[in-house]
Structure formats: structure tokens, C-alpha cells
Amino acid sequence: MSATKPQLASFRSIGAYVPEKILSNEDLEKMVDTTDEWITKRTGIKERHIADKDESTSDMGAKAAQKAIERAGLKAEDIDLVLCATVTPDYFNMPSTACIISDKIGIRNVQAFDISAACSGFVYALSVAKAFIESGMKKNVLVVGAEKFSSIVDYTDRSTCILFGDGAGAAVISATEKEDEAFVDVHASADGNYADFLVTPAPGSVNPVSQQVIDEGLNFVQMKGNETFKLAVKTLTKDVKEILEKNAIASDDIPHFIPHQANYRIIKAVGDALKMKEEQVVRTVHKYGNTSAASIPMAINDIWESGRLQKGELMLLDTFGGGLTWASALLPFAGESC
Ligand code: ACO
């Protein structure tokens, strides 16, 4: 009698949703003391999409999720775990956005919860999906990264309002026995010593809602941009080198390096340090800005929809965000090509 093969995790499908409204650098020039030239030179961002006033994080997440489920050839009832990575949930802090997304797409009586790891949230969620599948507890995990970042941005603060955008991406992670379809590795780490580099001070137990919170704008994101920038380049480069070395894979063997889309200068510095060619490095920051936990799945969706991502091709994901958190993943795309 042959032993049962272990259950492995595979990346089956991708979907995304981008809100219609575009906020360009020229629009921002009219709102704060900035220029298209400064934003382009310092960040590579030309425009970002902004959700409608009535459009929530879960609305965007649900639309991305529906596409991912359909493209995996599954139905809502096939999903047995829902994870939503977000730092702009519909509500602080219950119900979770994962619960609301589940309801909107007709997933019932299934475990659902949010993951808070800022821009690293999607890759953190992939590590959780992998663990649930490899333990044999789940078969089809819906992983959503969704952000209405505009809801925590102060549009009078030029140092942050030029950076962020809204959107959502989603993937279905399914059980497989085939080793060539399975995740190779996922790393996720954090260092709370740098918690004050990126923070939304309220609302929370430290600063519950009060008139003072509103007057001082503590409900808006604050960032030590330059310090975060330097640490991001160092940490992302180190993390990628480690995951490649550990798995004996050369950077030349990676067709799709998909870093978090925060700033083109960070993406370029990391790509150069790893000796990646331009065509290996996926770049969407110019059109979406930094969409936090949605940035990596939106970028994967972009290359899938444009026919660049084929079944079986290796993806290297690398991300960095508030917490501070960082994470990387090495995995083949196991779904059908577009
Ligand atoms: N337009 C014009 N001038 C500006 C603007 C603007 N929009 N914003 C800042 N400046 C000015 C500053 O006031 C400063 O002026 P000064 O020299 O007279 O004091 C000057 O430009 C330089 O400011 P720096 O902050 O040092 O500029 P820097 O080159 O570092 O670029 C940026 C700023 C784009 C924010 C960059 O630091 C960055 O991208 N940081 C990392 C962001 C990141 O990766 N975050 C992690 C993920 S986000 C998450 O987890 C949610």
C-alpha cells in the first residue's frame, strides 16, 4: 500500500479590482505644494486610483475575489478559508473585512479573518494559507489584499498624499500533490522596534476617538519617509538574497520579480543589487502608486492579464511595510495562462 502524498499549497488564480477615478500628479499640484517633476523623480508615480466615497475596502476586495474564484474554476462554496490583508478595514475592528467580503460573495459558514501587516499583508497571508493547506486543514483558501488607503491619508500633507492609492487583488491558494506546482518557500518577519516609522495613531486603545484626535489629525497615516526608504532597500535586498540562497536558485532563473510597489527608486535599487534585468522586474507603481497590501496581487494580476505570466513560471515576491514587517515568497504560478 502506497503512503498518502502530503498536501502542498499552489497559487491557482489571480484577480484584481482598480477603482475608476484617477488622481494624477497634475491634480495633486493643485492640492498641495508639489510638482509632477518632484513626484516622478522621487517616486516614479504618475497617477493612482481613488475609490468612490461610497466604495469600501470590502467592495473592492469582493470584486477582486470573485474574479480569482472564477479564474480558478471554482465556486464560492468550494472556498474553506477567507483571509483579508488590510490596514484600512471597513470597520475598526469588527466585523473583520474578511467576514464582510465572504458575505458579499456568498461564502457562508467558513473561517474568515483579517491580517494586519501593512504592505507585507498579502505575503503574510500567503504564509498562513500555505500553513493551513500543508497541515491538511483546508483545501481552497481565498487570499485578498485590499486597501482604501485614501481613507487614512491627509490630502494636505504633501509628504504622504502623493504616495498612496486604492485597489484590491485576490488569489486562490489550493491543495495539490504535485511538487512542481507547489510553493517553494515563504519568509515573513517583523521588528516592532521600528513601529514609529509608519503609524496611524488613531483610532485605537492608545488614542480612542476624541475631538483632540480629529483636531490633531491623528487618524491619518504618518511616515518617516527617508528612514523607511533606507531600511526598505537594505531589508528587501537581504531578504531576497536569503530566500534565493536557501533554495539554491539564481536571480537569473526568476522570470518575474514582483516587489512591493512603494517607490520606483526602491524597486530599482533592489533589482540592481540583485543584478536583475529590467524585463525581470515587474513595475506598476507609476499607474497605481502604493496600494499597501493590494500592491503585490494587483501587480501579479497585471502581468497575468497582459499575457506575461504563464503557467509554471516562477514568481519571486518581496515586500516591506509598517510594523515594521517584511516578507518574501518563491512560488510558481500554478493556474491557467490568460
Ligand atoms: N513635493 C515636493 N517636495 C516634497 C514633497 C512633495 N510631495 N514631499 C516632501 N518634500 C520635500 C521635503 O519637505 C524635503 O524638503 P527639505 O529638504 O527642504 O526639508 C525634501 O522634499 C526631501 O524630503 P525627503 O523626505 O528626504 O525625500 P525622499 O527623497 O526621502 O522622498 C519619499 C520621500 C518619496 C516618501 C521616500 O522617502 C519614500 O518613498 N520612502 C519609503 C516609503 C515606503 O517604502 N514605505 C513603506 C511601505 S508603506 C506601508 O507599509 C503602508
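1. In this predicted model, the side chains of Arg71 and Glu305 meet in a salt bridge, with 2.8 Å from N to O; the term stands for a side-chain nitrogen of Lys or Arg within 4 Å of a carboxyl oxygen of Asp or Glu. Between domain 1 and domain 2 the count is one salt bridge.

2. The domain assignment, which is automatic or taken from a database, gives domain 1 as 8–180 and domain 2 as 185–332, and their C-alpha centres lie 14 Å apart.

3. In contact terms (heavy atoms within 4.5 Å), 47 residues of domain 1 touch 46 residues of domain 2. The area buried between the two domains, that is, the accessible area (1.4 Å probe) lost on putting them together and summed over both, is about 3600 Å², and carbon and sulfur atoms give 67% of this area.

4. Several elements, taken as DSSP runs (helices H or I of at least four residues, strands E of at least two) and numbered from the N terminus, each supply at least two residues of the side of domain 1 that touches domain 2, among them β1 (8–17), α2 (36–43) and β7 (167–176). The largest share of that side, seven residues, comes from α5.

5. On the limits of these values: residues are numbered from 1 along each chain as its sequence is written, and side-chain values use heavy atoms, with hydrogens and water left out. Local features need pLDDT of at least 70 and side-chain atom pairs count only at pLDDT 80 or more, whereas totals for chains, interfaces and linings use all residues.
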